[in-house]
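Okay, thanks for coming, everyone. Let me put the structure up and then talk through a few things in it.

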Amino acid sequence: MQEHKPDNYDQLELRPPEQVMKLERMGSSFQTRLSFMCQLIRRMRRENWRLERLRFDVDDHGYGASVYTAHGPKRSYSLIAFTEHIEPEQRTDRVIAEVWDGTFSLFDGIPADADVERLRDNTPKQEAGRFLASELSLARGNKSLRLFEHVVSSLAAGKQPELDQLTQVGYLMRTTAVYGSGKFGCADRQKIAGRSEMTAPFQAEMLVVYLIRWLTIDLVNHVARARGGDSAVELNRDYARYLGIGNSTGLGMAPFLVKYPMLINNWVQARETALARVRALGWASTRETEMFLGLVDKAERFAGEWNVQDEPQTARINTLRDELADLKEWCRTGLDQTRPWDAVVRHAEDNYSVEGQEFTAALVLEPHGGLVDDLGDTMSAETAPKLDPAMTVAGLRKIIDEYYGWALGMDFSEETSQQRFWYYSEDKLEPRLGDRYAEPGAELEMPVAVAREVGLLRACLAERNDDEIMASFLMANPEFRHIVRRVQAVVDHPYGEIHDNLLDAGVRPLDIVRFKLAFFGVSKFDPKSDLWTRVNMYQGAPLPDEIMSEEFSDWIFPLKPASAGSAGAS
Amino acid sequence: MNGTKTPLSLNEIRFFFTRAAVGAGAPFGLGEDFANAAIWLAGQGLDPAELVAPALSALAGGNSSSRIVEHKNGDTVSFSGEGDKPLSALYAGPAIADRLGAAAVAGQKTTIISGSVDQPALIAAYIGAAKLERGLVSVSSAVPASLTVEYDPWASTPSDGNEAKMSRHLLEYGVNVAAGPWETVFDSFRKCLVPSSSQSREQGAGAGLTDND
């Protein structure tokens, strides 16, 4: 049977922005094979990357400096890590933290001793440090104290950790920020954008997290050995593979999605194009059918293992479990028809919750790498919207009326519609969400009020002559410059806008955060409030010496490993 | 002495300078163009902070005009500030660049005469940052602080490849800024930050003030 390849496909219509750019659906997103972590792992495997631990100068408690290097075909990238003891009362996942269990820099190349020493002075300071263009990323993380200690003491005593404890947390360390793109003097994105291994978004940041994961496994093994001597065993490989890197993600990530409409458009356009290609397929090959059935089965079990404390999310997961069971049943006969993948998606749209629909959309992409993986290279955006000063008032009105109907219908005279404001605090520039009517600072709000500003712009344009050009209009009305530039860009970037009001009293920053995290490739969203969530990254991903193995290439929706009992490492 | 311990990245220029303009009283969209102009200056090997600081100070201090008064005479446009105040470059720069951009689209020769500007060098930066798709711009100053900008969309602009070389240099080594002017920029930036309170600290973001699981 012929494999489906990009040069012999049709494409159905893409799901429109008014469907997929609503917060409810964005907040129901899942990782797909186009997610950035998945792209990185595939690339490393395809290009036969070599991963090497160059330095591991840590004491018996695991404190010290380490260097882990990833050698690609053209370049090497090194994680330089510093681990230290901190007091419990100092440990916070917030931006305002001052110390961390681990701090990290991704160095462009292989660092000399002088580079390590310079970074020893700066990396632990994080935002208070300064960095050079040789550093591509800056990150920090805190241990899951509970699990870290449990794993170490178990291994030191010659036994594997309790599987239930392992799976309850899922990570030994969680990152609390991973910076890139010129922050604190680090290299700008443009420095590396032309490198093939950095074409997809956030590849440097994804590499940082992958290498930190490796470090955390080495740390528990090392500390256990120091504590237990000859009695100690190494962490079981299946257990190690199940451990990812956690992340505490707060609302600070949300304004990013408003700030970069062209980039967000490209992410969504790639995903929707992938879905449209798959849905257009006239039949399902035997391989695709078998793979999909296996995947649905795996997804059902994955959802069964996804447990959180947040009650609304628990309810959504329970519904998802029922829907995946239904999907498994439906697939017994449902795939045996023309355009089977379109039929799957339609069945989900007609019968499932939004979370179930998005999960199904992620699932149908998975067996079709040959058809969709090329879209990964289209997901970056290296330019910003450019103002067209020659556009007429009439032209701009037309764009607004065509693309921003979702915004024009909103009533901003209602207090609740502008209850929230987003801002940078003087406290380490931490992004925060305020109550406009109860807190000071709204006059300093970030420019994320797209719906409100479009409404104001449209009202102003109604009073102007059709033929007036933007150069003249904006000279008289400079306050609209930002929104005009943004509106002009939407014609070529229709997925660049969130079709909801981010100032509304009921806005859930978590919806925006989850959307971005899904594109990163995270799993196991564990909301702690409407403002932040814990997640897991690279859970189930191949270990560094398994990257080349076919056996571990199918790591999406990772499942709890079989118990190793109290045996030693395997 | 360098204003920051290590050079600024282009993204930092963009972040701080955009908000410095806002802190001085300009709307965010003008702040974005202000940052682009600063990056253009850096691309010419100049210290952007040194060149923009006077314009920021003038605007923040109410010593320059944010309102542009326009007069037209055929293809020549004149801009001037309100009353006796010089024009704020943060406002005049984008306005001039926009007129040139529109002229480029229309294929129209244009002359813009600007009255006194608080920082004339910044006008050239705005024009440079606008990256007109074609034509030649010449900027002259017969009277101190005033400018005549002449644009011919049909003249060709020689390219010496320096721009690409300077861009690569900036990406490898960052942008150095002098201490005093950087302080002016940063002070203006800080005006965009909301003071923290115990309430906003506890409730304004997500995770707790301690996280030990």
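Predicted model: local features only at pLDDT ≥ 70, side-chain atom pairs only at ≥ 80, totals over all residues.

I'll go through some strands in chain A, then a charged patch, and then chain B.

Let's start with strand S2 of chain A, residues 64-71. Is that strand buried or exposed? Eight of its eight residues are buried, so the rest of the structure largely encloses it. Now, in general, side chains in a regular strand alternate between the two faces of the sheet. So what about the two faces here? For S2(A), both are covered. On one side you have A:Gly64, A:Ser66, A:Tyr68 and A:Ala70, and on the other A:Ala65, A:Val67, A:Thr69 and A:His71, and every one of those is buried.

And who are the neighbours? Strand S1 of chain A, residues 50-58, pairs with S2(A) in the antiparallel sense, over eight bridges. Strand S3 of chain A, residues 76-83, also pairs antiparallel with S2(A), again with eight bridges.

Then the connections. S1(A) and S2(A) make a hairpin with five residues between them, and A:Gly62 in that turn has a positive phi, about 90 degrees. From S2(A) to S3(A) there is a hairpin too, joined through four residues.

Okay, on to charge. Which residues gather in the patch of positive charge on the surface? They are A:Lys183, A:Lys259 and A:Lys386 from chain A, along with B:Arg14 and B:Lys131 from chain B. Take A:Lys259, which sits in helix H10 of chain A, residues 254-259. At 43% relative accessibility, A:Lys259 counts as partly exposed.

How many helices and strands does chain B have? There are eight helices and five strands, and from the N terminus the order reads α-α-α-β-β-α-β-α-β-β-α-α-α. The C-alpha trace of chain B spans about 70 × 45 × 35 Å along its principal axes, and 50% of its 213 residues count as buried.

One residue to look at there is B:Asn162, in helix H6 of chain B, residues 162-173. With 40% relative accessibility, B:Asn162 counts as partly exposed. Going by C-alpha atoms, B:Asn162 and B:Asn176 are 19 Å apart in space and 14 residues apart in sequence.

That's my tour; over to you.

Technical notes: Residues numbered from 1 in each chain as written. Chains lettered and ligands numbered in written order. Heavy atoms only, no water. Buried < 20%, exposed > 50% of the residue type's maximum accessible area, 1.4 Å probe, protein only. Helix = DSSP H or I, 4+ residues; strand = E, 2+ residues; numbered from the N terminus. Pairing = 2+ DSSP bridges. Patch = residues over 30% accessible without salt bridge, like charges linked within 9 Å, V, L, I, M, F, W, Y side chains within 5 Å. Areas by Shrake-Rupley, 256 points an atom, 1.4 Å probe, with all protein chains shown as cover. Salt bridge = Lys/Arg side-chain N within 4 Å of Asp/Glu carboxyl O. Lys, Arg positive; Asp, Glu negative; His and termini not counted. Charge placed at Lys NZ, Arg CZ, Asp CG, Glu CD.
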